Amino acid sequence: MNTVSRDRIIGIDVSRDWLDIYCLPEGKRARLPNKVEGHEQVALLAREPGALVCFEATGGQEWRLWSTLDAVGITTRQLPPAQIKAFAASRGTRAKTDRIDAELIARFMAFRPDAGRVLPHEKLRRLRALTSKRGQLVETRKRLLAQIKAHGKLGSADMFDAMDTELKDLLDGQIAELEARIEQTMASDDDLAETAGILRSVPGIGPVASTMLIAEMPELGQLSGEQAAALAGLAPIAHDSGAMRGKRAIGGGRRQLRHVMFQAALVASHHNPILKTFADRLRVAGKPHKVVITAVARKLVTIANALCKSRLKWANQTA
């Protein structure tokens, strides 16, 4: 998240089929296909020294373009869509088209040169793809188990027993295969293996949570505790005005990571000696269960960040 200062900024709105482009300062526009030939033309457009290419996170539509530009040494930034949306609102821009979005992205980058993230290392991209696919299959299995339970209540379980058993076995096998590939990817890189060892030394952070932290937050160890909590979407957001003190809430951040950290927090609140004491203190103070688990999850992320920064494993005095 280094600050960038560029003479030329190229904002791109990425869709499945097209790349809508807006260039600062000249105001030039273009539309190119979101294909290999289009990516090569963007690289030529950004070939002059000092050019910066930026685009929103679009659920993966931008990754091929991102990889192509990074491979030829062009500086790139992936920007959070929520920040672009808020920037548009601050400018009074209510219309939304691909051309307008491309210009907003470029102007936001000029306004916030510290925003966005650089392309993660190839092994981190592979790890992220594996963890994302595992998460999809786990969610599918969860829905299947809920359906099996519903069939039982309706008395129709026998009708689908063989089919449901076969499908569950298939999902179990695919999830196990993905977990083995994730472990192999981690073990094949000394830095990833060391980071995983540091994270897994914390009671409450297991293989899934440690892998998600590495894959979804490659900045871990390079941030302050507050920044790490905010990236995970676990930082409390104030809602105050004058004498009114509104209820704090969490939001934003990296949703998949946040959900996994909630699960880790449930374990840590009972089995991590320091975080159990912390959670018990909040419960005694009358805090709701969700508030307690959110606070423990936030502590876990800040502890993980501190340990990765110091490259030390967990000790009970850490927290």
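This is a short tour of a predicted model, stop by stop, for you to follow in your viewer.

Residue numbers start at 1 in each chain, in the order the sequence is written. Because the model is predicted, local features need pLDDT of at least 70 and side-chain atom pairs count only at pLDDT 80 or more, while totals for chains, interfaces and linings use all residues; side-chain values use heavy atoms, with hydrogens and water left out.

**Stop 1: the sheet**

Switch to cartoon and pick out the five strands of the open sheet, which has mixed pairing and the order β3-β2-β1-β4-β5. Strands here are DSSP E runs of at least two residues, helices are H or I runs of at least four, and both are numbered from the N terminus. Two strands pair if DSSP finds at least two bridges between them. Look at the edges: β3 (28-33) and β5 each have a single partner strand, so one side of each is left without a neighbour in the sheet. From one strand to the next, the twist averages 25°, with angles taken between N-to-C directions on a scale from 0 to 180 degrees and axes fitted as lines to C-alpha atoms, for helices over the stretch in contact.

**Stop 2**

Select residues 8-14 for β1, which pairs with β2 in the antiparallel sense over six bridges. The two strands form a hairpin with three residues between them, and G11 stands opposite Y22 in β2. Stay on β2: six of its seven residues are buried, so the strand is largely enclosed by the rest of the structure. Buried means under 20% relative accessible area, exposed over 50%, and partly exposed in between (1.4 Å probe, protein chains only).

Carry on to β3, which runs antiparallel to β2 and is joined to it by six bridges. Here L19 stands opposite L32 in β3. Now zoom in on the loop between β2 (18-24) and β3, where you'll find P25. The peptide bond joining L24 and P25 is cis, with omega about 10°. Also in this hairpin, which has three residues between the strands, G27 takes a positive phi near 75°.

**Stop 3: β4, β5 and Q78**

Jump to residues 51-56, strand β4, which runs parallel to β5 and is joined to it by five bridges. V53 stands opposite T76 in β5. Then show the side chain of Q78, which lies in β5 (residues 75-79). Is Q78 buried or exposed? At 7% relative accessibility, Q78 counts as buried.

Which side chains does Q78 reach with polar contacts? One is that of E62, at 2.6 Å, and another is that of R117, at 2.7 Å. A polar contact is a pair of N or O atoms within 3.5 Å; within protein, one must be able to donate a hydrogen and the other to accept it, and residues adjacent in sequence count only if both atoms are side-chain atoms. Leaving aside residues up to four places away in sequence, Q78 also touches others, including F55, W63 and W66 (contact means heavy atoms within 4.5 Å).

**Stop 4: a helix pair**

Select 122-154 and 157-187 to bring up α5 and α6, which pack at an angle of about 160° with their axes 9 Å apart. That makes α5 roughly antiparallel to α6 (under 35 degrees counts as roughly parallel, over 145 as roughly antiparallel, 65 to 115 as roughly perpendicular and the rest as oblique).

**Stop 5: R311**

Finish in the segment after α12 (289-310), where R311 is found. R311 has a phi near 60°, a positive value in a residue other than glycine. Its relative accessible area is 34%, so R311 is partly exposed.
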